[in-house]
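Please look over the structure shown here before reading on.

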Amino acid sequence: MPRKPKRPCSFPGCPELTDGRYCDMHQRQMDAYYNKYERDPQTRKRYDRRWKRIRDRYISEHSLCEECQKYGRLTPAEEVHHIIPLSKGGTNADNNLMSLCKQCHSSITAREGERWARR
């Protein structure tokens, strides 16, 4: 399947070409900026080292995107999503988690209005 051409990184002055908005180096910087200045402090506390262990275990057991599998696509999972968000009383139990590719996770998160909600 043809892919879109790469485009310049959106970070000012960076000449790198990328498939996403930022190159790998600047994506890490922007994620760190978001986590430090824009993410709710309570949310930061929920996603600690314990969450990383839960996430790593779950994604090793469910290595394909569960949303893509519904449509017959086999896409490697990159992220773990809480079906009921922790902020709304969800837990880290396996029945509240699903492994997703980045595209599916972004679309579900945008639909629910969690990360990109207007303040």
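In which helix is the place of Asp24? Asp24 belongs to helix H1, residues 24-38, where helices (H or I, at least four residues) and strands (E, at least two) are DSSP runs numbered from the N terminus. This is a predicted model, in which local features need pLDDT of at least 70 and side-chain atom pairs count only at pLDDT 80 or more, while totals for chains, interfaces and linings use all residues. Residues are numbered from 1 along each chain as its sequence is written, and side-chain values use heavy atoms, with hydrogens and water left out.

**Asp24**
- Asp24 counts as exposed at 60% relative accessibility, given that buried means under 20% relative accessible area, exposed over 50% and partly exposed in between (1.4 Å probe, protein chains only).

**Salt bridges across the sequence**
- The whole structure holds 7 salt bridges, each being a side-chain nitrogen of Lys or Arg within 4 Å of a carboxyl oxygen of Asp or Glu.
- Arg3 and Asp19 form one of them, at 3.1 Å from N to O; Arg3 lies in the segment before strand E1 and Asp19 in the loop between strand E2 and H1, so the pair ties together parts that are 16 residues apart in sequence.
- Arg3 is exposed at 66%, whereas Asp19 is partly exposed at 45%.

**Around Arg57**
- Arg57, partly exposed at 33%, forms a salt bridge with Glu61, their closest N and O atoms being 3.4 Å apart.
- Arg57 and Glu61 are 4 residues apart in helix H3 (residues 49-61), and are therefore separated by about one helical turn.
- Arg57 also meets Asp94 in a salt bridge of 2.9 Å, N to O.
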